[in-house]
Amino acid sequence: MSSMNEKMHIIFYNYNSMRAALLIQRWYRQYVARLEMRRRCTWNIFQSIEYAGEQDQIKLYNFFGYLMDHFTPASSERNLISHIFRENNICRNVDWERYFCYKSIEVPKLYSGPHLSFPITCSNAAELVEAFKNKQQLHSRYVLQLLGETWRLLRILPNISQISTCHSKEITICGDLHGHLEDLLLVFYKNGLPSSEKPYVFNGDFVDRGKDSLEILLILFSFLLVYPNDVHLNRGNHEDHIVNLRYGFTKEVLGKYRLHGKKILKLLQKIFSWLPLATVIDNKVLVLHGGISDTTDLHLISRVDRHKPVDSSRRRVHSLTHSSSTGTRHEVQRRSLQGLNNRVTCSVEEELKERRRQAGLSQSYGDLRNSLANSDSDPDSGELLESYGDEWKQIVDMLWSDPMPQDGCVPNEVRGGGCYWGPDVTEEVLQRHNLTLLIRSHECKQEGYEFCHNRRVLTIFSASNYYEVGSNRGAYIRMGPDLVPHFIQYQANRATRALTLRQSVGRTERSALRALREKLFAHKSDLISSFQEYDPENTGLISLGHWACAMEAVLRLGLPWRVLRTQLVGDTLDGMLDYHLWFRELLSNASLLETMYKHHSNLETIFRIIDTDNSGLISFEEFRQTWKLLSSHLQTEISDEAISDLAVSIDFNKDGSIDINEFMEAFRLVGGDLLQNEGDPH
């Protein structure tokens with residue numbers, strides 16, 4: 001009897017143990033699932049805000065290009081902005097080398113940084129890596145000399161590099177680095193420095209966002225000079241001086257090299273335009289930065305003058321958005337941006353036509369294009385313009401496009417440039433060019449890489465902790481003669497490796513919500529107007545459902561606002577939100593002071609654009625001309641007398657010119673006054 005009781009006790013004990021284990025397992029799965037949902041939501045916030053910023057940048061780029069094409073060649077306003085797209089005259093002059101000459105720059109005896117000898121050697125390149133690892137700075141003489149040698153080499157390289165594997169050689173492919181020097185150093189530590197036995201392909205977006213973009217360029221250029229047949233650099237969409245004005249690289253160079261920074265930037269602008277556009281491995285694997293479209297033609301791309309799109313002397317009204325004559329134009333629902341199919345967005349060209357109407361320009365868009373084409377003395381100018389437009393579009397698609405899960409090819413209105421292409425386009429383009437795999441970058445992936453389109457498209461991203469510490473891993477690819485990609489993942493930040501999953505998700509989530517709150521406050525006036533449509537009695541209260549609808553209608557970020565409500569909205573009164581109080585609570589956050597007005601990023605970019613010599617100063621006349629140009633973009637009307645008075649008032653130190661701090665402070669104060677008035681419900 002006791003033996004039976006003992007067996008029953010054991011069975012009962014085992015049953016309870018198994019039941020407890022199952023409960024713990026179920027709880028853990030639910031816990032991980034909730035964390036994963038939070039992580040994906042956080043990811044959507046970061047990516048939505050990033051793409052919205054790129055869309056604003058491209059709209060601004062197209063807007064200035066549109067304005068330039070509407071002013072007569074003799075107008076001072078056209079002269080003011082024409083340099084945005086053209087190469088500097090000094091850069092085009094045959095004696096440009098005298099302008100960039102480094103020989104007159106002396107290296108002082110007290111200089112303790114790395115010294116370079118030319119032709120540069122592998123030991124020089126390795127010493128440069130070690131110096132930058134130890135936070136040393138390369139002297140401007142060596143910077144200019146290195147950049148000059150790089151430009152001379154790039155000019156003779158083809159648009160599409162052809163490389164091959166051999167029986168014992170693997171090729172390493174790196175994605176976006178975005179100024180993250182620690183990621184590049186970690187790749188070299190794990191994989192080894194570039195050499196004839198260890199070839200590399202770096203797939204664009206070396207600069208912007210991170211703080212060490214210039215150091216990355218100098219390292220890559222030095223190895224390119226030493227191993228021109230084994231180091232390959234593809235151009236990314238951020239290798240563009242207009243994009244650099246907004247995303248930090250221009251500011252970085254001028255901050256590190258105050259005396260010679262302007263020359264360095266002009267030379268880099270020239271270098272960027274000469275970077276190759278793609279690399280093909282063993283005639284089977286295509287490596288390019290962004291993607292393809294249904295019109296991608298590698299034979300045409302191999303023949304274009306790749307540096308010409310930077311020169312706008314032949315450029316007319318070319319939108320960066322894709323315009324396809326084939327394919328289904330259905331709404332795109334992306335996995336990373338849920339709800340995009342509900343979005344109704346005007347095309348860039350429609351917006352520009354509206355801006356033109358607001359500016360009081362009576363000539364129609366079609367008439368304008370005809371008159372511009374007819375104004376050329378060459379009777380074949382129309383064909384040349386169309387041919388150049390095709391070439392420009394091919395390059396834009398390669399730099400800006402993203403894959404989508406659906407078949408077809410549609411404009412990439414999330415980024416504002418390039419297209420979304422589907423699996424059918426991938427299959428057709430690869431088959432037409434006898435390729436088996438497309439490797440691209442351009443999109444941050446949580447694991448550092450991601451397959452799509454039946455594993456025919458592979459995205460590789462090498463900047464870890466891109467959005468925030470712990471937000472994503474970086475990765476690179478090793479590929480041997482079998483052309484099978486092998487992935488190496490990493491985290492460059494040591495602190496991240498010690499974080500638990502919950503700590504990592506929580507830290508990233510807080511950063512994403514902070515960025516989103518700043519975005520909300522920057523659009524306060526538009527949001528309040530939208531809220532008031534749901535508040536006809538002017539009570540200051542709206543339902544949470546109406547709050548979610550208004551948020552998406554204004555911000556168009558494709559985010560799950562109902563899920564985010566608990567993170568963004570505090571207490572409510574019987575399910576009703578006091579939206580004026582809500583904004584006052586947002587204002588109490590000190591980190592929001594930099595987003596006191598909606599056009600903060602655009603205004604800073606505009607200042608850097610009109611500051612033609614990168615001096616950090618603009619004259620009163622430049623300010624007046626700029627205001628005339630921007631009146632339609634900012635939808636304001638202001639007289640010449642008012643502009644002059646404004647310029648004088650902005651010049652706080654009364655030195656006869658306006659620096660960037662005065663410029664931004666003036667708009668911050670104006671924005672603050674407007675927002676204070678909007679906060680009054682009566």
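The expected span of a helix is 1.5 Å times one less than its number of residues. Helices (H or I, at least four residues) and strands (E, at least two) are DSSP runs, numbered from the N terminus. Helix 6 (residues 140-154) has 15 residues and should span 21 Å at 1.5 Å a residue; its end C-alpha atoms are 21 Å apart, which agrees.

**Basis of the model**

This is a predicted model, in which local features need pLDDT of at least 70 and side-chain atom pairs count only at pLDDT 80 or more, while totals for chains, interfaces and linings use all residues. Residues are numbered from 1 along each chain as its sequence is written, and side-chain values use heavy atoms, with hydrogens and water left out.

pLDDT is the predictor's confidence in each residue, from 0 to 100. Its mean for the protein is 78, and 71% of residues reach 70 or more. Contact means heavy atoms within 4.5 Å. Two stretches are listed below.

| Stretch with pLDDT below 50 | Contacts beyond near neighbours in sequence |
|---|---|
| residues 323-379 | 97 contacts |
| residues 589-598 | 27 contacts |

Where pLDDT is low, the predicted coordinates should not be read in detail.

**Overall build**

The protein holds 26 helices and 18 strands. Buried means under 20% relative accessible area, exposed over 50%, and partly exposed in between (1.4 Å probe, protein chains only). By that rule, 55% of the 682 residues count as buried. Take contacts between residues at least 6 apart in sequence: 75% of them join residues at least 24 apart.

**Cores and helix 6**

A nonpolar core is a set of buried Ala, Val, Leu, Ile, Met, Phe, Trp, Tyr and Cys residues joined through side-chain atoms within 4.5 Å. The largest has 60 residues, and Leu138, Phe202 and Leu268 touch the most other members. Helix 8 (residues 213-226) gives the most to this core, with 10 residues. Leucine 138 contacts Tyr111, Pro114, Leu116, Leu128, Phe132, Val143, Leu218 and Tyr257, leaving aside neighbours within four places in sequence. A second, separate core has 37 residues, including Ala548, Val569, Tyr579 and Phe583.

Val143 belongs to helix 6 and is buried there, as are Trp151 and Leu154, among others.

Two strands pair if DSSP finds at least two bridges between them. Strand 7 pairs with strand 9 (residues 419-421) in the parallel sense over two bridges. Aspartate 402 is opposite tyrosine 420 in strand 9.

**Cysteines**

A disulfide is a pair of cysteine sulfur atoms within 2.5 Å. The structure holds zero disulfides. Cysteine 419 is in none; its nearest cysteine sulfur, that of cysteine 409, is 3.7 Å away. Cysteine 419 is buried, at 0% relative accessible area. Cysteine 122 is partly exposed, at 42%.

**Isoleucine 542**

Isoleucine 542 lies in strand 15 (residues 541-543). It is buried, with a relative accessible area of 0%. Beyond residues up to four places away in sequence, isoleucine 542 touches Phe531, Tyr534, Asp535, Trp547, Gly575, Met576, Leu577 and Tyr579. Isoleucine 542 and aspartate 578 are 36 residues apart in sequence and 6.9 Å apart in space, C-alpha to C-alpha.
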